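Here is a short tour of a protein model, written to be read with the structure open beside it. Please take a look at the fold before reading on.

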Amino acid sequence: MGGVGTADHRLEYELAAAAAATLRDAGFGTAVAAIQTGSGIPVPDLAAVTTLAWADVPGLPGATAPGHRGAFHHGLLDGVPVLVLEGRLHLYEGHSPAEVVRPVRAAGLLGVPNLLLNNAAGRVRSALRAGAIVRVRDHVNLMGVDPLSGVHDSRFGDRFPVTAGRAHDPWLGALAQDTAADLGVELPSGVYGAVHGPSFETPAEVERLRTLGVDVVGMSTVPEVLAANQLGLRTLVLSLVANPAGEVADGRSAEEEVLDVARRTGGDVVRLL
């Protein structure tokens, strides 16, 4: 496991390419979009589905976070071939930043041009309600790491990718807004703050996030956005507001609260996808 900033992306390319080759051999290369699901958010109902566990794909660590199975699904979503990444890896599980983004890199090297990420997040902007979906228009990386750090491999793209106005694709964002309007689903836009975890935020930390202009907070997603941006993938992030950050309902853990809200309201995310 590589430490912060020590990743050799020449080796990472070989690992991601081997995973992509396995997916291609399984017939997954026709997907026009990859969808990565967040904590408790259901996998879309696919037709003609084929599933590969991450354990059956070379180079992919096992997922250990609750609500993250760790599997690839390929099938048709309303007739459109898609690749679903059920679950994700997190820094707080002990994975290095490069390991966290390896599944997304595999999808990119497979040739999938669009990446649709979703997550369950904590509410920072007080006007947001539990169960609301936020289209992420920008992010603040407070994780203390960048998955692109280390020995560069130009096969992934530029060493210094420009994220300003590009990391969260405006065209996909506009498409999401139009689709939400057609479905009658409210879709406010906002800024996602990414923290390392696994500790949930204190009230004082939530106040700090507000001063930074953060609307929702979570422990994932930004590493995948950065890796996708380097690969040139169009990327859209939808955050499901699962709980008020800095608060926990009596008699429940924050983890239980997040998963419960995601399971009850995550269907709206699937409808929008």
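This is a predicted model: local features need pLDDT of at least 70, side-chain atom pairs count only at pLDDT 80 or more; totals for chains, interfaces and linings use all residues.

Residues are numbered from 1 along each chain as its sequence is written, and side-chain values use heavy atoms, with hydrogens and water left out.

**Overall fold**

The protein has 7 helices and 9 strands; helices (H or I, at least four residues) and strands (E, at least two) are DSSP runs, numbered from the N terminus. Of its 273 residues, 53% are buried, where buried means under 20% relative accessible area, exposed over 50% and partly exposed in between (1.4 Å probe, protein chains only). A contact means heavy atoms within 4.5 Å. Among contacts between residues at least 6 apart in sequence, 82% join residues at least 24 apart.

**Cores**

A nonpolar core is a set of buried Ala, Val, Leu, Ile, Met, Phe, Trp, Tyr and Cys residues joined through side-chain atoms within 4.5 Å. The largest one holds 47 residues, and Phe72 and Leu83 have the most contacts inside it. Elements giving two or more residues to this core include helix H1 (9-25), strand E4 (80-86), strand E5 (114-123) and H6. A second, separate core has 19 residues, among them Ile35, Leu46, Val84 and Ala180.

**Aromatic rings**

How many aromatic pairs does the structure hold? There are 2, counting rings of Phe, Tyr and Trp (its six-membered ring) whose centres lie within 6.5 Å; planes under 30 degrees apart are stacked, over 60 edge-to-face and the rest tilted.

| Pair | Centre to centre | Angle between planes | Type |
|---|---|---|---|
| Tyrosine 13 and phenylalanine 156 | 5.2 Å | 65° | edge-to-face |
| Tryptophan 54 and phenylalanine 72 | 6.1 Å | 50° | tilted |

Tyrosine 13 in helix H1 and phenylalanine 156 in the loop between E6 and helix H4 (170-183) are 143 residues apart, so this pair links distant parts of the chain. Both tyrosine 13 and phenylalanine 156 are buried. Arginine 105 lies over the face of phenylalanine 156, at 3.7 Å from the ring centre; for such a charge, NZ of Lys or CZ of Arg is within 6 Å of the ring centre and within 35 degrees of the ring normal. Tryptophan 54 and phenylalanine 72 are buried too.

**Two histidines**

Histidine 74 sits in strand E3 (residues 71-77). With a relative accessible area of 10%, histidine 74 is buried. Its side chain makes a polar contact of 2.9 Å with that of threonine 30. A polar contact is a pair of N or O atoms within 3.5 Å; within protein, one must be able to donate a hydrogen and the other to accept it, and residues adjacent in sequence count only if both atoms are side-chain atoms.

Histidine 168 is found in the loop between E6 and H4, and is buried with a relative accessible area of 10%. The side chains of histidine 168 and histidine 139 form a polar contact (2.9 Å).

**Helix H6**

In helix H6 (residues 222-231), 9 of the 10 residues are buried. Glycine 232 follows H6, with a positive phi near 85°.
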